[in-house]
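User: I would like to go through the labels attached to this model and see what each one rests on. Please set the values against the cut-offs.

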Amino acid sequence: MRTRMMIAQCCSRAAFGQLRMSTTTTPTHDDLDAVFKQKRLLRTQVRKTLKSIQPSLRSHQDNAVQDIVLEAPWFKSSRRLCAYISCAALREVDTFKILSQILQHNGGKKLYVPRVEDKNSFMRMLHISRIDDLVANSMDILEPAPVDADGNAREDVMQANDPVDLFLLPGLAFDRAGRRLGRGGGYYDTFLKNYQDLAKTRNWKQPLLVALSYSEQILDEGVIPTTPSDLPVDALVSPAGVIPISSAALNRMDL
């Protein structure tokens, strides 16, 4: 509680209220600059909070979140999903138990994971069938090689013939209204917008966007600033359980 109060105090609610109002119209350059500044301040505070979590507590929360996902009916019923590959250095909620379960006990699921192609927010989601398909990139983050062991290009989810049911997403902070604070690169917002546009074009049901979060990452509503390009999530999974947010989550999660 004290940590969340400190985070809230680092940015005034009045300023955030003004910034949220600007998203209902076309934001000015000054509006966007103010939002980006507030986001940078908030990221700094959240990173300090994540760094302060004791390893034993982090491990406990990692296991709790993954167990909740693995036992959830909406996860079990998914057939095609995109999931992030957690990075310990970034202090993201661990996903390796989830990924291993999908790949070892397939159950008819098809998994796509991210590969960053450049620094201009361009990210792809490529199909993998085993953990060994992942290699460390220049930042020592695991991602799929663009071709498989036989030299064949991996399937890109944007060229797939069938829709994705579920996205498991990372982030730095979230709130119970679905706002998500990323790391500033814009990779997920850009990719998700492109995939949602593709789904509309093909008359597919939109995928469920579910973010995985430590308890400390869920902030009070009104603390996270947003711009029109920031996409909300449908639900959160924390160690305390599932928090459905959108009508899609309420309908499809059967909670």
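User: Why does G182 count as buried?

Analyst: G182 has 13% relative accessibility. Buried means under 20% relative accessible area, exposed means over 50%, and partly exposed is in between, with a 1.4 Å probe and protein chains only. At 13%, G182 is under 20% and therefore counts as buried. This is a predicted model, in which local features need pLDDT of at least 70, side-chain atom pairs count only at pLDDT 80 or more, and totals for chains, interfaces and linings use all residues. Residues are numbered from 1 along each chain as its sequence is written, and side-chain values use heavy atoms, with hydrogens and water left out.

User: Where is G182, and which residues does G182 touch?

Analyst: G182 is in the loop between β8 and α7. Helices (H or I, at least four residues) and strands (E, at least two) are DSSP runs numbered from the N terminus. Leaving aside residues up to four places away in sequence, G182 touches R43 and L172, where contact means heavy atoms within 4.5 Å. G182 and R43 are 139 residues apart in sequence, with their C-alpha atoms 8.4 Å apart.

User: What makes S213 buried?

Analyst: The relative accessible area of S213 is 0%, which is under 20%, so S213 is buried. S213 sits in the loop between β9 (208–212) and β10. Not counting residues up to four places away in sequence, S213 touches V65, V93, F174, I218, V237, S238 and P239. Over the whole chain of 255 residues, 47% are buried.

User: Are R91 and N203 buried, partly exposed or exposed, and what is said of their phi angles?

Analyst: R91 has 28% relative accessibility, in between the two limits, so R91 is partly exposed. N203 has a relative accessible area of 72%, which is over 50%, so N203 is exposed. R91 is not a glycine but has a positive phi of about 55 degrees. N203, also a residue other than glycine, has a positive phi near 60 degrees. R91 belongs to the loop between β1 (80–83) and α6 (96–104), and N203 to the loop between α7 and β9.

User: How do you know that β7 pairs with β10?

Analyst: Two strands pair if DSSP finds at least two bridges between them. Two bridges join β7 (residues 173–175) to β10, so the pair meets that rule, and the two strands run parallel. D175 stands opposite L219 in β10. The open sheet of three strands has the order β8-β7-β10 and mixed pairing. β8 (180–181) and β10 (218–219) are the edge strands, each pairing on one side only.

User: What makes one space a cavity and another a pocket?

Analyst: On a 1 Å grid over the protein atoms alone, a cavity is a set of points where a 1.4 Å probe fits but cannot get out; a pocket is an open set with protein on both sides within 12 Å along at least five of seven lines; lining residues have an atom within 4 Å of a point. The largest pocket holds about 1000 Å³ of space. Among the 38 residues that line this pocket, V116, R183, G185, Y187 and Y188 lie nearest its centre. Two or more lining residues come from each of α3 (29–52), β2 (110–116), β5 (142–144), β8 and α7 (187–201).

Key
Points joined across faces, edges and corners; volume = space filled by probe spheres on them.
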